[in-house]
Amino acid sequence: MDNQVQALNAAIAQSYSNFVYDPIVNPPVDIDKLFGQAALFGTLGKPRDVLDLACGTGVQLLRVADQVDGRLVGNDISPKPVEMATERLAQFGDRAEVICRDLLDIDPEELGQFDVIYNLGVIYVVPPTVQSK
């Protein structure tokens, strides 16, 4: 099943690169709400390092950047949005990194630890066995 999902993800990635959606920040998922939710799940104090899974063009990470002092890491499967996110976050130098990779191919050990990890809007393409982790 994972191979079928990865094939679907690859097709979605190509489509998304051809017709990039570059949204404005979505107020219901704005950073103050994300950090508030993170606190409910055990994040104490001000979060430092943030991972945005399926970050698209990096709009949300850009919003987060002024709120944290640590790493800003984004991941997306589509090359064009990753390129746009990388350009958008370049002003933060070594703090920011955007990775072009399928969520199913991410090695958690390679990424390290984060205070807040979020995924907005694409969990449906992740197999249930991966979602449960």
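Which residue in E4 is the bridge partner of Asp52? Tyr118 is that partner.

This is a predicted model, where local features need pLDDT of at least 70, side-chain atom pairs count only at pLDDT 80 or more, and totals for chains, interfaces and linings use all residues. Residues are numbered from 1 along each chain as its sequence is written, and side-chain values use heavy atoms, with hydrogens and water left out.

The open sheet has 4 strands in the order E3-E2-E1-E4, with parallel pairing. Strands (E, at least two residues) and helices (H or I, at least four) are DSSP runs numbered from the N terminus; pairing needs at least two DSSP bridges. E3 and E4 each have a single partner strand, so one side of each lacks a neighbour in the sheet. E1 and E4 pair over 4 bridges.

| Strand | Residues |
|---|---|
| E1 | 50-53 |
| E2 | 72-76 |
| E3 | 96-100 |
| E4 | 116-119 |

Asp52 lies in E1. Asp52 is buried (under 20% relative accessible area, 1.4 Å probe, protein chains only). Asp52 has no salt bridge (a side-chain nitrogen of Lys or Arg within 4 Å of a carboxyl oxygen of Asp or Glu). Arg88, the nearest side chain of opposite charge, is 10 Å away. Beyond four places in sequence, Asp52 touches Gln60, Leu61, Val73, Gly74, Asn75 and Tyr118 (contact: heavy atoms within 4.5 Å).

Key:
Buried means under 20% relative accessible area, exposed over 50%, partly exposed in between (1.4 Å probe, protein chains only). Lys and Arg count as positive and Asp and Glu as negative; His and the chain ends are not counted. Axes are lines fitted to C-alpha atoms, for helices over the stretch in contact, and angles run from 0 to 180 degrees between N-to-C directions.
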